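Q: Could you walk me through this structure, with the cut-offs as we go?

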Amino acid sequence: MAGATDYLSLFVAETSWYNEIVLGNIVPGDAWRRLPHFFQSWLRNYIGGLLVYFISGFLWCLVIYYWKRNVYVPKDSIPTNNAMYLQIKVTMKAMPWYTGLPSISEYMVESGWTQCFTTISEVGVPMYFVYLAVYLTFVEFGIYWMHRKLHDIKPLYKWLHATHHIYNKQNTLSPFAGLAFHPLDGILQAVPHVIALFIIPCHFTTHVALLFCEAVWTANIHDCIHGKVWPVMGAGYHTIHHTTYRHNYGHFTIWMDWMFGTLCDPEEDENPKKA
């Protein structure tokens with residue numbers, strides 16, 4: 001029992017280190033240290049989420065709309081400042097709720113309820129990559145079907161997912177649209193990351209890094225630039241999703257859409273018609 005407690009304390013030490021890096025360098029004073037550990041983690045996730053969202057969004061917009069203006073995106077496809085402001089507004093309302101999910105998942109990891117491990121040496125490098133591949137496949141499958149059902153089940157679409165799909169043209173999509181969801185919608189699409197922790201052994205630090213990449217990735221796939229990197233589900237595919245509503249539900253790759261018959265290639269169908 002003592003050994004298990006000592007092992008779980010390693011997860012607490014890791015999240016405490018993350019808290020120190022973010023809160024210790026950004027939040028003035030030491031008042032945050034008096035908060036319970038869970039709320040420290042939530043505050044760190046919230047501030048970190050804001051930083052990732054705004055830094056990645058502003059840098060991406062600076063490059064594609066100003067520095068490389070008309071190179072990647074035609075002038076008439078650049079979203080207005082008002083459109084981006086509205087996307088930011090929706091995201092700011094949802095961000096406190098979004099960041100509750102990783103805070104809860106960290107609590108479950110720290111409590112020993114998941115299959116997480118602290119160091120790669122515990123399983124070895126080959127098995128680390130095997131587990132990572134299984135984890136990513138599970139997440140890809142889960143997000144695909146969660147996203148698809150948010151379209152197929154009409155009440156879910158009407159009350160949740162439609163908030164995101166008001167951005168349905170190139171001149172209304174921007175990197176800031178990446179997190180502009182109804183809070184419950186955004187949480188539901190991230191839930192496969194958490195469910196996987198109970199089923200698949202996962203390196204905790206890698207899980208945290210993947211959630212960070214997730215935030216950056218959502219900005220990337222809403223910039224309307226087709227990167228043409230097979231089999232990545234890039235912005236070219238996701239722009240089609242926002243215009244047809246019936247294709248390209250996948251997340252990181254095109255595999256699930258290919259397997260389940262919903263793939264629409266931007267190079268094969270330049271102007272897909274709404275199904």
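A: Helix α2 (residues 37-67) supplies the largest share of the nonpolar patch, five residues, where helices are DSSP runs of H or I with at least four residues, strands are E runs of at least two, and both are numbered from the N terminus. This is a predicted model in which local features need pLDDT of at least 70 and side-chain atom pairs pLDDT 80 or more, while totals for chains, interfaces and linings use all residues. Residues are numbered from 1 along each chain as its sequence is written, and side-chain values use heavy atoms, without hydrogens and water.

Q: Which residues form that nonpolar patch on the surface?

A: The patch consists of Ile26, Leu51, Ile55, Leu59, Leu62 and Tyr66, which together have about 590 Å² of accessible area (Shrake-Rupley, 1.4 Å probe, with only the protein chains shown as cover for residues). Patch residues have over 30% relative accessible area and no salt bridge, with nonpolar side chains joined within 5 Å and like charges within 9 Å; a salt bridge is a Lys or Arg side-chain nitrogen within 4 Å of an Asp or Glu carboxyl oxygen.

Q: And where does Leu51 lie?

A: Leu51 is part of helix α2.

Q: Switching to the backbone, what is the peptide bond from Trp230 to Pro231, cis or trans?

A: That bond is cis, with omega near 0°, and Pro231 sits in the loop between α8 (204-220) and α9 (235-244).

Q: What about phi at Tyr245?

A: Although Tyr245 is not a glycine, its phi is positive, at about 70°, and this residue belongs to the loop between α9 and α10 (255-260).
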